[in-house]
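Come along while I look things up.

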Amino acid sequence: MAGPRFVVFTDLDGTLLDHATYSFEPARPALEALAEAGIPLVFCTSKTRDETEHWRKALGNTHPFIVENGGAVFVPQGYFPFEVKFDRTDGGYGVLELGKPYAELRLALSAIRARTGIGLRGFGDMAIEEIAERCGFTLKDAALAAKREYDEPFVLTEPESLALIVREAEAAGLHVVSGGRFHHLVGASDKGRAVSALRALLAEDQGAVRAIGIGDSVNDEPMLRAVDIPILVRKPGGGFAADIHLPGLVLAPYAGPEGWREAILELLRSEA
Ligand SMILES: [Mg+2]
């Protein structure tokens, strides 16, 4: 293919997938255009490995993927024609582990709850039924979402106490990132670090690759900073996630998969 090579890193919830229905149908024309142009699409999500594999199957995606807010990068074995130093191999993937083990995050969440007296509920405190209800999932999908390895989603009974929780997490060497439905307690990992790790491998394989990133929430900002062309889709209400300011940010005309389709098609038109 002549001209610059591209790769697209995309968030799933509220971006490629509709916030409420989880449908990607409106994005289909743009998905097909990317496939036709031979441009890899890399999922970069707060979802777990099992959930992300479900969506890879649904979309027929065969590329590497990033899970749990950058906690790990999964690369199909043989994807790169050279030896990669993975942290482990697992079920046909080489895995780069960037996040903190889930058990440590659970202990830290309990400690923050005990110290502050603030009502914090993580996925590990919730029955599958509660996760299903909060996400609008079936019980089966909620069970996939509960299989956390590097990231603990949580809710706060007093939303105004978020700043205190963030300070407590930072004091413990951890971070809080906020997605469309939950706050997430994570280690030093974020979507941007994971994107950079994968970009380094892509560059080794193919030389310079221009990266497009597309997201909807504050937890996507590190990913958007780690790409050449950052795109933000609207929230269901029509506005944009607050406090995302970076140079060259492209604002999509619609929310979720409709915005995804328009922004990607426009980009392909302008680069053609
Ligand atoms: Mg999102």
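Below are my entries, in the order I made them.

**Entry 1: the overall division**

I noted before anything else that this is a predicted model. Then I looked up the domain assignment of the chain, which gives domain 1 as 5–99 + 190–271 and domain 2 as 102–186. I checked how far apart the C-alpha centres of domain 1 and domain 2 lie, and found 23 Å.

**Entry 2: where the domains touch**

How many residues of domain 1 are in contact with domain 2? I found 21, and they meet 14 residues of domain 2. On the domain 1 side, helix 2 gives the largest share, four residues. By class, I listed three nonpolar, ten polar and eight charged residues on that side.

I turned to an open sheet of nine strands and wrote down its order, 5-6-4-3-2-1-11-12-13, with mixed pairing. Which strands stand at the edges? They are strand 5 (88–90) and strand 13 (250–255); each has a single partner strand, so one side of each has no neighbour in the sheet.

Strand 1 (residues 5–10) and strand 2 (residues 41–44) run parallel and are joined by three bridges. Opposite valine 8, I found leucine 41 in strand 2.

Two helices went into my notes as well. Helix 9 (residues 256–271) packs on the sheet and touches strand 11 (209–215), strand 12 (229–234) and strand 13, with its direction at about 135 degrees to that of strand 13. Helix 2 (residues 49–59) lies across strand 2, strand 3 (65–67) and strand 4 (72–76), and runs at about 145 degrees to strand 3.

Next came an open sheet of four strands, in the order 7-8-10-9, with antiparallel pairing. Its edges are strand 7 and strand 9; each has a single partner strand, so one side of each is left without a neighbour in the sheet. I read an average twist of 35 degrees from one strand to the next.

Strand 7 and strand 8 pair over three bridges in the antiparallel sense. I looked for the bridge partner of leucine 120 and found leucine 156 in strand 8. Helix 6 packs on this sheet, touching strand 7, strand 8, strand 9 and strand 10, and its direction makes about 140 degrees with that of strand 9.

**Entry 3: helix 6, side by side**

Which residues of helix 6 (residues 162–171) are buried? I noted Ile165, Glu168 and Ala169. These residues span an arc of only 100 degrees around the axis, so they are on the same side of helix 6. Among the elements covering them are helix 3 (102–116) and strand 8 (151–156). On the face turned away from the buried side, I found the exposed residues Ala163, Glu170 and Ala171. After helix 6 comes glycine 173, with a positive phi near 80 degrees.

**Entry 4: two loop residues**

Glutamate 68 has a phi of about 50 degrees, and it lies in the loop between strand 3 and strand 4. Aspartate 243 has a phi near 65 degrees, and its place is in the loop between strand 12 and strand 13.

Is glutamate 68 buried or exposed? I counted it as buried, because it has 27 C-beta neighbours inside 10 Å. Aspartate 243 is exposed, with 8 other C-beta atoms within 10 Å.

Key:
Residues numbered from 1 in each chain as written. Predicted model: local features only at pLDDT ≥ 70, side-chain atom pairs only at ≥ 80, totals over all residues. Pairing = 2+ DSSP bridges. Contact = placed C-beta atoms within 7 Å. Axes fitted to C-alpha atoms, helices over the stretch in contact; angles between N-to-C directions. Buried ≥ 20, exposed ≤ 12 C-beta atoms within 10 Å, placed from the backbone. Arc of directions from axis to C-beta. Domains from an automatic or database assignment. Nonpolar A, V, L, I, M, F, W, Y, C, P; charged D, E, K, R; others polar.
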